[in-house]
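Student: I have a model open and want to learn how to read its features. Where do we start?

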Amino acid sequence: MFSILSTALLRDTPTMFLVALSFAYFSKALSGSYMKSTITQLERRFDIPSYLIGVIDGSFEMGNLLVIAFVSYFGAKLHRPKIIAVGCVLMSIGTFIIALPHFIIGRYEFETSLRWVVNSTLNPSPCPLGSPADLTQHGCVQTISVVGPVFGYLLGSLCAKIYVDIGFVKMETITITPADARWVGAWWLGYLIAGVITLLSAIPFWFLPRSLPIPDPQGPEECTPEQTRFIKDPPLLKHKYPADENTTFIEMAKDFIPTLRTLLGHPVYLIYLCVTIIQLNSLIGMVTYKPKYIEQHFRQSASKANFLMGVINIPAVALGMFSGGLLMKRLKLNIMGAARFAFGTSLIGYILSLFFFAISCENAKVAGVTLSYNSMDRISYDTHSLFTTCNSDCFCSASDWDPVCGENGITYVSPCLAGCTSSSGSGKNTVFSNCSCVGVAGNFTASTGQCLHKDDCDRMFPYFLALSVITSFIISLGGTPGYMFLIRCIKPQLKSLALGFHALSTRTLAGIPAPIYFGAIIDTTCLKWGQKRCGGIGACRIYNTTAYRIAYLGLTLSLRTISFIICIPGFILLGRQLRKEERNAIHGALANGGTELEALRKEEFVISNSDQSQQTVDNSTARETRL
């Protein structure tokens, strides 16, 4: 049975390898995108700021650093399918480890003054009267390759709707909703699912042969115009170390440093590397915090933000990359044309992105944070006090975040700070009464949760989505031409190392640092920090949305501006390189033409001598006949 299976695998190996590799890319992309979809969940669950979440997100790329360049270099000389299988198993184990903290730490306890009271009409007063010392006791107690992110964000949307401790607590005792800034979804569940999928993707590679069958070489007449334009090298290259040759590790390693030095001495490749690193910094930072931007700026739930990323943004990117490949084929672009096309689409997307600054949404009205207790009609970001005469009789904590919505449409940080002295009901249905800060008469009420006031946000949000889809599509149009430019500008024997070093550099200088410094800059726009139970600053509860928008969009577009400036010398050097290659090609053609002409002359000379000899023989024969 095993021999029959092996024979079938060998016969269908190219198809099997393609399917297995596609599945592996899918699982990797799903895991990576799911990590980004859980950012706000992890912030709230572990009470950590955005920059630290950036460290966690960047660590997803750190495992590649020690091996990626060497794998790309030695991969062609070792058993590639088994190397891929080992990588999938390691990724699966790492994904399971990410979910492990959920099972080894206690249940999630969010900040609240509400308690679930069964069969009782006696609710504790939200306005405690007594010594402030009584409040100091708190216990100490993260196109196939494009399809993957679609499912990753959809999985994130699904898990964000499920409460983090589902199955461990009674859901009727939970007094918050997914729209609450304290809500934490079942972030761990998606990691378990992603880990299983990644583990399954490793199985087919264990049964694949070391190398695939080599197809019959194609002649120039069988190649398409795109192949003759971009792949000018012979289809079968003779490697220094063939895959089936027993070469020692030391022999291969000796050639690594000189090869790398040759690669880095290529000026066009270096500029392309710098441009892509800077643009990926912009892209990774933007994508990492885009769901959070949608949540904070347009007051959408984490579940809806992830859902929109999965069904709108990512498909637009996939369609753009596919369309870019079709346009490249239809327009029959050469290497300079591909570079100009990629630059042009990126520039158009950059110009359109400037309109994001105009799509704004008014910040939430929170007394003592975005509003002054003395002036409730105008939002300001001056330093306000949470304490005023209407709540001076209550010994309230300034560090708690347990928002309530007053009848006047203003959100208060807690029932205590709203001056409420009594409550009725339980859980989500709790109603606070006699809230002195809500009204002058002191008989106004407040309900749990923030006031929504989403009218202006709901009007602007569709414009934001439309512009986001258009810019994503246009920018991704240049993805395929840009990748073809990378492949074509390097000599064939350096392509494998060039791609590996490019991946290593982008992960090191973009994938790791971008989420960290983007998160650190976003943290500077926080207006109200949560408090850890063990002391110290926790996760941010509310941001200055105007400052958030300027910092987030400004940093993204500033990085792209720098990349455009670096492109200028890149085009100059590329033009020189192409002209040099053209001259060399002409000289080579002339040299070949001269050689062919000399051979033709020799052939004519030989034929001429042969004719003269034959004529001499004929003349001699004729004379002999006459005699």
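Tutor: Start with a charged residue. Asp 523 is buried but has no salt bridge. Its nearest side chain of opposite charge is Lys 292, 6.3 Å away. Buried means under 20% relative accessible area, exposed over 50%, and partly exposed in between, with a 1.4 Å probe and protein chains only. A salt bridge needs a side-chain nitrogen of Lys or Arg within 4 Å of a carboxyl oxygen of Asp or Glu. For charge, Lys and Arg count as positive, Asp and Glu as negative; His and the chain ends are not counted.

Student: What should I know about the source of these values?

Tutor: This is a predicted model, where local features need pLDDT of at least 70 and side-chain atom pairs count only at pLDDT 80 or more, while totals for chains, interfaces and linings use all residues. Residues are numbered from 1 along each chain as its sequence is written, and side-chain values use heavy atoms, with hydrogens and water left out.

Student: Where is Asp 523 found, and which residues is it in contact with?

Tutor: Asp 523 is found in helix H19, residues 513-523. Helices (H or I, at least four residues) and strands (E, at least two) are DSSP runs, numbered from the N terminus. Contact means heavy atoms within 4.5 Å. Setting aside neighbours within four places in sequence, Asp 523 contacts Pro 49, Ser 50, Tyr 51, Trp 529 and Tyr 543.

Student: And Gly 538: which residues does it touch?

Tutor: Gly 538 lies in strand S8, residues 537-543. Not counting residues up to four places away in sequence, Gly 538 touches Asp 47, Ile 48, Pro 49, Trp 529, Gly 530, Gln 531 and Lys 532. Pro 49 and Trp 529 are among the contacts of Asp 523 too.

Student: Why does Gly 538 count as buried?

Tutor: Gly 538 counts as buried because its relative accessible area is 0%.

Student: How many helices and strands does the chain have, and what share of its residues is buried?

Tutor: The chain has 20 helices and 8 strands. Of its 627 residues, 44% count as buried. Its accessible surface comes to about 32300 Å², and 65% of that belongs to carbon and sulfur atoms. Accessible areas come from the Shrake-Rupley method with a 1.4 Å probe; for residues, only the protein chains shown count as cover.

Student: How do I read a patch on that surface?

Tutor: Patches are made of residues with over 30% relative accessible area and no salt bridge; like charges are joined within 9 Å, nonpolar side chains (Val, Leu, Ile, Met, Phe, Trp, Tyr) within 5 Å. Here Phe 23, Val 86, Leu 90, Ile 93, Ile 97, Val 196, Leu 200, Ile 203, Trp 206 and Phe 207 form a nonpolar patch, with about 910 Å² of accessible area together.

Student: Which helices supply at least two residues of the patch?

Tutor: Helix H6 (80-99) and helix H9 (187-202). H6 gives the largest share, 4 residues. Leu 90 lies in H6. Leu 90 counts as exposed because its relative accessibility is 55%.

Student: What about Leu 327: which helix is it in, and what is it in contact with?

Tutor: Leu 327 lies in helix H14, residues 302-331. Beyond neighbours within four places in sequence, Leu 327 contacts Phe 341 and Leu 477. Leu 327 and Gly 478 are 151 residues apart in sequence but 9.9 Å apart in space, C-alpha to C-alpha. With a relative accessible area of 34%, Leu 327 is partly exposed.

Student: How many disulfides does the structure hold?

Tutor: A disulfide is a pair of cysteine sulfur atoms within 2.5 Å. The structure holds 5. One of them joins Cys 396 and Cys 416, with sulfur atoms 1.9 Å apart. This pair links distant parts of the chain, 20 residues apart: Cys 396 in the loop between strands S1 (366-367) and S2 (404-406), Cys 416 in the loop between strands S3 (411-412) and S4 (422-424). Cys 396 and Cys 416 are both buried.

Student: Which hand does each link have, going by the angle about the S-S bond?

Tutor: The link of Cys 396 and Cys 416 has -85° and is left-handed. The link of Cys 405 and Cys 451 has 105° and is right-handed. Cys 420 and Cys 435 also form a right-handed link, with 100° about the S-S bond.
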